[in-house]
Amino acid sequence: MSAPLQVVVAYSPAPREVHEITLTLPAGSTVRDALQASGWIEQFPDLPVEPGSVGVWGRKAPPDQLLRDRDRVEIWRPLRVDPKLARRQRFGQQGARTAGLFAKRRPGAKPGY
């Protein structure tokens with residue numbers, strides 16, 4: 001018989017607020033089993049548990065994926081702003097001269113060096 005699994009389930013409902021719980025699950029448990037065992041589906045009614053919002057160690061995972069010992073199941077909240085759009089807006093506000101890789105140059109140096 002296989003040894004039980006130690007799994008951490010993590011959820012961040014707001015910035016700088018992280019909930020983590022360590023669970024002991026039987027061998028052969030899935031991501032869905034870990035979410036149900038955490039009890040957070042009832043505690044957080046707006047918990048996003050559809051496919052694409054749950055992962056293991058930062059990688060998307062389907063609900064029926066088998067877990068291994070010491071896995072970290074993460075529940076991700078949806079993005080508020082598209083990261084590419086936010087970067088474009090920041091760049092527009094800062095201007096081309098003060099942003100980017102070559103913003104800090106030595107005096108008298110060629111652009112881009």
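Colleague: Which residue in E5 is the bridge partner of Gly55?

Modeller: Glu74 in E5 is the bridge partner of Gly55. A note before we go on: this is a predicted model, where local features need pLDDT of at least 70 and side-chain atom pairs count only at pLDDT 80 or more, while totals for chains, interfaces and linings use all residues. Residues are numbered from 1 along each chain as its sequence is written, and side-chain values use heavy atoms, with hydrogens and water left out.

Colleague: In which sense do E3 and E5 pair?

Modeller: Strand E3 (residues 54–56) pairs with E5 in the antiparallel sense, over three bridges. Two strands count as paired if DSSP finds at least two bridges between them.

Colleague: How many helices and strands are there?

Modeller: There are three helices and five strands. Both are DSSP runs numbered from the N terminus: helices are H or I with at least four residues, strands are E with at least two. Along the sequence, the pattern reads β-β-α-α-β-β-β-α.

Colleague: In what order do the five strands form the sheet?

Modeller: The order is E2-E1-E5-E3-E4, in an open sheet with mixed pairing. E2 and strand E4 (59–60) are at the edges with a single partner strand each, so one side of each has no neighbour in the sheet.

Colleague: What do strands of a sheet pair through?

Modeller: Backbone hydrogen bonds, in either a parallel or an antiparallel arrangement.

Colleague: And E1 and E5, in which sense do they pair?

Modeller: Parallel: strand E1 (residues 5–14) and strand E5 (residues 72–75) are joined over four bridges. Val8 stands opposite Arg72, Ala10 is opposite Glu74, and Tyr11 has Ile75 as its bridge partner.

Colleague: What stands opposite Tyr11 in E2?

Modeller: His19 does. E1 and strand E2 (residues 17–25) pair in the antiparallel sense over eight bridges. They form a hairpin with two residues between them, and Arg16 in that turn has a positive phi of about 60°.

Colleague: Now Ser12. Does it count as buried or exposed?

Modeller: Ser12, which is in strand E1, counts as buried because its relative accessibility is 18%. Buried means under 20% relative accessible area, exposed means over 50%, and partly exposed is in between, with a 1.4 Å probe and protein chains only.

Colleague: Which backbone oxygen does the side chain of Ser12 reach at 2.8 Å?

Modeller: That of Glu17. A polar atom of the Ser12 side chain also lies 2.9 Å from the backbone oxygen of Ala14. Leaving aside neighbours within four places in sequence, Ser12 is in contact (heavy atoms within 4.5 Å) with Glu17, Val18, Ile75 and Arg77.

Colleague: Changing topic. Which are the buried residues of H1?

Modeller: In helix H1 (residues 31–38) they are Val31, Ala34, Leu35 and Ser38. They are on the same side of H1, because they cover an arc of only 100° around the axis. That arc is the one made by the directions from the helix axis to the C-beta atoms.

Colleague: What covers the buried residues of H1?

Modeller: The cover includes E1, E2, helix H2 (40–43), E3 and E5. H1 lies across E1, E2, E3 and E5, and runs at about 110° to E2. For that angle, axes are lines fitted to C-alpha atoms, for helices over the stretch in contact, and angles run from 0 to 180 degrees between N-to-C directions.

Colleague: Which residue follows H1?

Modeller: Gly39, and its phi is positive, near 80°.

Colleague: Back to Leu35. What is Leu35 in contact with, leaving aside neighbours within four places in sequence?

Modeller: Val9, Trp40, Ile41, Val49, Val54, Val73 and Ile75. Leu35 counts as buried because its relative accessibility is 7%. The C-alpha atoms of Leu35 and Ala10 are separated by 9.7 Å, and these residues are 25 residues apart along the chain.

Colleague: Last one, on the whole protein. What percentage of the 113 residues count as buried?

Modeller: 27% of them. Of the contacts with a separation of 6 or more, 47% come from residues 24 or more positions apart.

Note on methods:
Polar contact = N/O pair within 3.5 Å; in protein donor to acceptor, adjacent residues only side chain to side chain.
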